[in-house]
Amino acid sequence: MPTPDLAAISFDDVAAAHPDAAFPRFHPRPAQGWINDPNGISFINGRYHVFFQYNPDSARHHRIAWGHVSSADLMRWEEHPVALRPQPGGPDEYGCWTGVVTDDAGVPTAAYSGVRGDGGHSEVVIARGSQDLVDWDQTGHVAARMPDGGDVTAVRDPFIFRFNGKRYAMQGAGLANGHAALLLYTVEDLSDWKYQGIWLTTENPVASQFTPAEIWECPQLVRVPDSSGAETWVAMFSLWLSGDAHEHANGVGHLIGSLTEDPATGLPVFTPRSGGSSDQGRDFYAPQVLALEDRALLWGWANEGPGRDGRRGRSQEEIDAAGWAGVLTFPRELSVVDGTLAVTPAPEIEAYRGDQVARSAEGRVELPPFAEAVVTHSAGGLEAGAGDAVVELLLAGGDGQQTVFSGPLADGEELRIYVDASLVEVYRAGAVATTLRAYPAAGEKWQLLLPAGAAADVWELSQP
């Protein structure tokens with residue numbers, strides 16, 4: 001049995017004591033420091049573990065380590081000590097970047113991108129963990145290096161998957177010809193990955209249409225439940241363009257397709273047939289998916305988004321003063337419905353629904369700073385985008401109002417909107433989510449503006 005982690009901190013205590021009104025209370029993260037990509041998401045020994053890119057020393061993207069939170073139920077979270085740190089003189093001296101955690105013959109094992117110096121190429125570094133995933137042995141072992149030959153100019157972000165009883169891995173890459181790519185590896189021994197070559201690129205017309213990029217970052221490949229009963233695989237990529245400087249203009253895209261075995265080589269072949277954007281918001285990037293036997297759970301990174309797209313955000317000076325940056329989304333369930341990716345909040349999140357504070361029809365509805373709102377439309381005969389059937393989420397008061405979210409609402413449709421201080425998540429049945437950041441100023445309140453025929457039920461979020 002794992003020994004209890006005496007250094008674990010309840011996130012409820014962290015959130016309750018935090019002095020910043022914009023700090024989330026229901027999305028776990030450390031009280032201070034920068035966070036970005038979720039990493040190493042795993043379900044081991046009865047607990048969900050979520051690691052993430054982390055700079056504990058400042059609210060800036062520098063000298064990245066791995067932070068760590070865990071939960072038995074996806075609702076009550078504990079923060080653990082820093083899991084992985086850059087090792088002086090090691091292959092991760094410049095940072096422990098994105099990767100995964102897997103159970104390797106009973107040993108929790110991390111496979112992550114290590115970089116030796118600024119501008120250096122990424123290598124796959126292996127670290128072994130204790131049974132509770134709290135203590136890690138970083139020996140600097142490198143399992144895969146940059147491929148030879150010059151065709152591959154950038155590589156990063158290993159991901160491990162299983163198919164037909166065999167273990168494989170892939171990494172995102174950029175090619176000399178300007179295309180984004182996936183690299184494929186066979187992984188009989190987790191400490192020694194065998195490179196099999198370039199697997200998929202944006203030369204594929206479906207990939208080019210739905211996931212255009214110069215580098216595919218944070219690649220995922222998971223089997224997801226399909227309403228048709230078919231065995232369906234979803235590949236998801238964060239779409240990197242040069243000079244994006246954490247703006248991530250292309251966001252995240254996905255491909256829906258099939259995975260088969262090449263009879264000649266015995267290697268898997270992913271064939272995409274459709275795709276789309278994986279989140280409609282401006283502030284979503286670098287998701288990671290945990291594939292379990294009967295569900296696929298996704299977490300993404302919601303960044304601070306200072307002041308772009310004409311909206312009022314936080315300046316870098318304000319972020320530095322606050323001392324923290326970045327939030328992870330709620331866990332989300334993935335499925336394919338009628339050939340389209342559908343994203344819903346994990347059912348466990350419903351336990352955060354506390355006292356009902358409003359039940360209102362058309363007009364303005366005020367929300368508490370931590371809220372869930374379910375908005376429905378029953379005017380009859382309206383379709384999405386018709387007439388005035390548009391729902392808006394506003395920050396209003398003081399010097400005016402800011403529209404944070406605006407979207408159509410069709411007859412019989414339902415929107416679920418979550419507000420956690422400065423993080424907004426909107427879910428529409430049969431579609432992907434929308435992730436946004438916004439920061440209430442003094443005197444501002446969250447408000448819903450409901451069209452004719454719409455109604456909203458509002459609950460205050462609370463710990464169960």
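Domain bounds, as used here, come from an automatic or database domain assignment. The model is a predicted one, in which local features need pLDDT of at least 70 and side-chain atom pairs count only at pLDDT 80 or more, while totals for chains, interfaces and linings use all residues. Residues are numbered from 1 along each chain as its sequence is written, and side-chain values use heavy atoms, with hydrogens and water left out.

The assignment gives domain 1 (9-345) and domain 2 (350-461), and the centres of domain 1 and domain 2, taken over C-alpha atoms, are separated by 29 Å. To the contact, meaning heavy atoms within 4.5 Å, domain 1 brings 40 residues and domain 2 brings 25 residues. Between them, domain 1 and domain 2 bury about 2,700 Å², with 57% of it on carbon and sulfur atoms; buried area is the accessible area (1.4 Å probe) that two parts lose on being put together, summed over both.
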